[in-house]
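Here's a quick walk through one protein model, starting with the whole chain and ending at a single residue. Have a look at it first, then read on.

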Amino acid sequence: METVIAFILIFGSLVFFHELGHFIFAKRAGIMVREFAIGMGPKIFYMTKGETIYTLRLLPIGGYVRMAGEDTDTVELQPGYRVALVTNEDNIVEKIVLNQKTQYQNVVFLEVERADLERELWIEGYDEEDKLVRYEVSRTATIVENGTEQIIAPYDRQFNSKSVGARAMAIFAGPLFNFILAFFIFLVIGLIQGVPSEEPIIASVVEDTPASVAGIQDGDKVVKVNGSAISTWEELSEQIQTNPGSAITLEVERKDGTTATAEVTPNAVEQSDGTKYGQIGIMRSMDSNPLKAVAYGAEETYNMTVLIGKMLGKLVTGQFSIDDLSGPVGIYKATETVVTFGLYNILYWAAMLSVNLGIMNLLPLPALDGGRLLFFAFEAVRGKPMDRQKEGMVHFVGIVLLMILMVVVTWNDIQRFFF
């Protein structure tokens, strides 16, 4: 049960912050956001606030922000179509009811002749006395069809009406917020747990390990390894890890100012690829400085980005097989293991996944945020937008290919963990 809760909270948070980035910058650009959805599939909860419906959907495998003008969300009133218009006291249309069954007051029935619900906002047609009349339409008017209402989207509130920069920022903000989330997770880790000290000071010694057997004590500062002076924890760690099963001599400075020398033989720990590294059972000291925690958050986010970028490069060059990729099932199984190691490891895992989600979405592939940004770059160079239908077809093909990849990766995960 802990794994299920952790998986839902982690994955839900990553998706929420990703979509929150899109949402905030779309609203800042004046774009109407029709829906903010977490999850995919059927709705299990929804609420409407302002012009946006907020939904929680059944499948926790993604989410989306639906912006006005991105799809066929506009209604075209064809000539001859009969509608009911609900007007306010100024005779301005507030609702356009597409079915004839209506219980609204101040209703005018109209046979549509022409309408402009995007730019000039008016509707023209023949009333019940067969007179040609025109009504102004409110910018916040709603279309009512079968009991469902949807606010009209004037052109200046639509996604495609905005500048290339504004549209690109609304799309880029999703991955950006994943990096920001990772930074804040690492910051929290640094504030609560502390930041690993650069100095080679041993915070604690694990019992029944080579270090405790050799007489190493809590608070010892290692000043020399095999007679060579060191000044950082990384230098100490490198000497220990590169000498599995081989004795090394540590010269330490005690808390009381005295020095001591100890000979330690690191245990040989074998990794999954067969290589071995040394381990003596010491813990690194932590620094609780808040300013260092901020720097730690930025450094860890950067380091994680570089690490995932290198792994992605290996995938492109064939050094990393598609069989090594993990989908939702693989992430769930990894979360199951991480949960057993405590809160800090869960937080670190969440930060890593957040960076990974940000990087993957920035890949210049159709249907991903990076693919859309690539089209915006072409538009900026050409000075005019790409053909919407052709762009839509490219993204559709991209979605199909991504779904196929997801199926393959998920099947590999199922075989790996359950067969």
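How many helices and strands are there in the protein? This is a predicted model, and the protein in it has nine helices and 18 strands. Along the principal axes, the C-alpha trace covers about 105 × 50 × 45 Å.

Here are some whole-protein numbers side by side.

| Property of the protein | Value |
|---|---|
| Share of the 419 residues that count as buried | 37% |
| Share of contacts (separation of 6 or more) between residues 24 or more positions apart | 59% |
| Share of the accessible surface belonging to carbon and sulfur atoms | 58% |

As for charge, you get 34 positive and 51 negative side chains, with the centres of the two sets 4 Å apart.

Now zoom in on Ser285. You'll find Ser285 in the loop between β17 (282–284) and β18 (286–287). Is Ser285 buried or exposed? Its relative accessibility is 12%, and because buried means under 20%, Ser285 counts as buried. And what does Ser285 touch, leaving out residues up to four places away in sequence? The partners are Val195, Pro196, Ser197, Ile201 and Ala203.

Notes
Residues numbered from 1 in each chain as written. Predicted model: local features only at pLDDT ≥ 70, side-chain atom pairs only at ≥ 80, totals over all residues. Heavy atoms only, no water. Helix = DSSP H or I, 4+ residues; strand = E, 2+ residues; numbered from the N terminus. Buried < 20%, exposed > 50% of the residue type's maximum accessible area, 1.4 Å probe, protein only. Contact = heavy atoms within 4.5 Å. Areas by Shrake-Rupley, 256 points an atom, 1.4 Å probe, with all protein chains shown as cover. Lys, Arg positive; Asp, Glu negative; His and termini not counted. Charge placed at Lys NZ, Arg CZ, Asp CG, Glu CD.
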